[in-house]
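Please examine the sequence and the structure shown below before reading the briefing. The points that follow are grouped by topic.

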Amino acid sequence: MSEHYRNSLRWCIGLHRSLLSWPQKRPGCQRTGLRSPVTGTHKAPVTAHWQTRDHERAVKHTASLWAGGQKRFPWRGDFDVLAPCVPPLRFPSSKRQLVASRHDEAGSEHAPADQHKCEHIATVSLEGALAKDPVSTGVYAAVQDPERSTSTEHTQRAPASPSGTSRKRPRNMTPYRPVRSEVDYRALVDDELPRIVKGLGLGPTAVLALDPQHPGPTEQAKNAYLSWLTAGYHGSMEYMARTDRIQRALNYEQILPGVRAIVVTTLFYWPGKSGFTAPADAATPNRGTVSCYAWGQDYHRTLGQKLKQLAEEIHAYAGGQGRYYVDTGALLERHIGESAGLGFVGKNSLLIHPQLGSGFFLGEVLTTLPLPSKRPDLSGRGGCGRCRKCRTACPTAAIVEDRVVDARRCISYLTIELKDAIPEEYREAIGSLIYGCDICQQVCPWNQFDWEGSPTSPLFGEVPQDVREPDLLALLDLNEVSFQERFRDSPIRRIGLERLQRNVLVALGNVGNPHQSRARLVRFLEENESELLREHARWALDRIERREKAAAPFAG
Ligand code: B12
Ligand code: SF4
Ligand code: SF4
């Protein structure tokens with residue numbers, strides 16, 4: 001047995017003991033007397049997440065991971081070496097799934113802003129067990145390097161702590177106001193809310209009253225969500241599998257203590273069935289396709305500002321406290337939208353409003369006010385019936401079951417969320433798509449309508465061709481400065497230049513005009529140092545070559 005192995009086993013046994021006695025100890029690594037065998041500098045906190053309820057096994061697994069993973073995970077060095085383990089991986093001695101991940105900036109309102117300073121933090125998260133005991137908190141603190149960290153800062157950020165109680169008020173939370181006793185909540189929901197919503201230019205809006213004993217999703221939704229994570233469908237979006245996020249998704253008290261209702265609202269962007277041109281192909285070469293939700297300003301900002309105002313107006317009127325979300329929080333927004341009565345979840349897993357289709361963003365205001373439910377009158381319409389169009393049309397077969405999308409196969413994930421190389425098996429299927437994918441919505445019968453007047457987006461109006469279908473070769477010419485300039489307000493800015501150009505290279509391989517793109521790709525290869533981009537450029541050249549051969553099999 002190597003010295004490293006013995007050290008780490010000792011460390012983990014100590015860690016386990018400390019967990020058992022954790023409630024008696026003051027949460028702080030100095031007090032635990034434990035020290036991580038990992039030394040050196042780490043760029044970000046790391047989470048090892050087991051989908052198990054068995055503490056002891058998980059701690060033992062941690063020990064062997066830390067010891068056995070020596071080659072990939074040296075005691076001295078940078079946590080980035082964990083990158084090969086980032087996608088879900090099978091731990092050899094166990095059937096349980098391990099997701100080793102870096103904390104991510106996206107998706108969590110708890111991600112510490114200064115996370116790069118948080119050295120030597122790791123968590124062992126035991127799904128299901130956490131609500132009952134402070135294991136996560138304990139480990140979180142225990143593995144901090146005692147020489148470097150302060151106890152309180154990190155333990156305050158521990159996943160198990162409910163938001164808003166011990167910390168500074170989060171940005172998306174309204175200040176607490178005393179509740180006005182004379183408020184008529186029915187009138188607020190029936191008269192005041194529609195007035196505010198209309199003023200803000202928001203779409204259909206509903207109110208979901210929560211059960212104060214169980215402010216969370218239904219059992220069915222909860223199970224669907226946990227199975228989705230267990231299957232690893234979240235891919236490299238590790239923040240989704242973080243225990244603190246799961247806890248918040250399953251118990252809204254963790255997001256806003258005292259929460260009693262959710263106001264769910266919509267913002268429509270769908271340009272209508274005539275708002276699209278056919279995806280670029282060999283006949284319209286060198287043009288990429290951008291999903292219509294990204295044809296204008298980033299919705300996190302647009303809808304975020306409207307939600308802020310909505311939350312402020314409601315609580316200025318009645319008192320109490322609210323917290324708003326669009327997209328980035330832990331909430332299962334579609335499930336909440338469906339429960340609130342805004343529509344039904346289709347086989348493509350999107351929330352569909354029976355009159356207005358699925359082309360909208362969802363936003364929520366959680367409130368401590370005991371608002372009564374208010375469901376829009378949709379006359380009981382909705383449902384997919386025997387239709388399967390989305391499932392048949394999906395180029396990567398990402399809709400693996402009705403209402404279940406394997407994100408790892410979804411083009412939206414591959415072009416937006418995935419940071420590494422796009423797996424080769426999906427590259428051809430991606431076609432000209434360079435940011436997101438609308439296909440399972442374009443084919444849906446519920447989206448086959450045009451807005452009154454012209455086929456324009458109700459949110460973005462008339463959209464220039466270069467925004468909808470940008471010239472791919474021009475995108476290859478961008479540098480950091482011109483990228484920032486061009487996509488300053490767009491959600492595309494989020495993925496950065498390298499990821500965008502990676503997508504552009506795949507699209508060029510699929511739809512680029514051979515004569516125009518070949519020389520540019522060769523030059524790109526000569527000039528570019530990023531191995532990620534160079535590999536995609538080589539693939540694009542090869543694909544162009546194969547396309548040409550297929551088009552003229554007897555030439556040359
Ligand atoms: C992660 C994520 C993705 C991932 C994974 C998508 C997925 N289908 O899970 C990727 C990157 C692939 C993605 C793509 C897109 N996304 Co997205 N995404 C999210 C995010 C952040 C979380 C979704 C999530 O938790 N998924 C996990 C699954 C398990 O949860 P869920 O599907 O939401 O919840 C379901 C279960 O509870 C289930 N359920 C309940 N009971 C039962 C019972 C049974 C038997 C079953 C099987 C299921 C089931 O139904 C719920 C609804 O589907 C949400 C925002 C949010 N916080 O909710 C936006 C969100 C879902 N995305 C949105 C959009 C617009 C898109 C895209 C259209 C963008 C684009 N054009 O490229 C595509 C659509 C792809 C698709 N067909 O889903 C919108 C959807 C709006 C709407 N009308 O539904 C959201 C709500 C963002 C927003 N605030 O507007 N997205
Ligand atoms: S967004 Fe595209 S890739 Fe994803 S499920 Fe829909 S059709 Fe498939
Ligand atoms: S395309 Fe058909 S099956 Fe898919 S969501 Fe729309 S109605 Fe349902």
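**Helix packing and ligand surroundings**

Helix 19 (residues 514-527) and helix 20 (residues 531-551) pack with their axes 10 Å apart, at an angle of about 155°. Helix 19 is therefore roughly antiparallel to helix 20, a label for angles over 145 degrees. This is a predicted model, in which local features need pLDDT of at least 70 and side-chain atom pairs count only at pLDDT 80 or more, while totals for chains, interfaces and linings use all residues. Residues are numbered from 1 along each chain as its sequence is written, and chains are lettered from A and ligands numbered from 1 in the order in which they are written.

**The two packed helices**

- Axes are lines fitted to C-alpha atoms, for helices over the stretch in contact, and angles run from 0 to 180 degrees between N-to-C directions.
- Helices (H or I, at least four residues) and strands (E, at least two) are DSSP runs, numbered from the N terminus.
- On the side of helix 19, the contact is made by Pro514, Ser517, Arg518, Leu521, Phe524 and Leu525; helix 20 contributes Arg534, Ala537, Arg538, Ala540, Leu541, Ile544 and Glu548.
- Two residues are in contact if their C-beta atoms, placed from the backbone, lie within 7 Å.
- Eight nonpolar, one polar and four charged residues form this contact of helix 19 with helix 20.
- Ala, Val, Leu, Ile, Met, Phe, Trp, Tyr, Cys and Pro count as nonpolar, Asp, Glu, Lys and Arg as charged, and the others, Gly among them, as polar.

- The residues surrounding ligand 2 include Cys394, Cys410, Cys437 and Cys440, where a residue is near a molecule if its C-beta atom, placed from the backbone, lies within 6 Å of it.
- Helix 12 (411-417) and helix 14 (439-442) each supply at least two residues of this shell.
- The shell around ligand 2 has nine nonpolar, three polar and no charged residues.
- Among the residues surrounding ligand 3 are Cys384, Cys387, Cys390 and Cys444.
- The shell around ligand 3 has seven nonpolar, two polar and three charged residues.

- Leu307 lies in helix 9 (residues 299-318).
- Leu307 counts as buried because it has 24 C-beta neighbours inside 10 Å; the cut-off is 20 or more other C-beta atoms within 10 Å, with C-beta atoms placed from the backbone.
- Leaving aside neighbours within four places in sequence, Leu307 is in contact with Tyr324, Val326, Gly363 and Val365.
- The protein chain has 20 helices and 14 strands, and 45% of its 556 residues count as buried.

Note on methods: A residue is buried if 20 or more other C-beta atoms lie within 10 Å of its own, exposed if 12 or fewer, and partly exposed in between; C-beta atoms are placed from the backbone. Angles under 35 degrees count as roughly parallel, over 145 as roughly antiparallel, 65 to 115 as roughly perpendicular and the rest as oblique.
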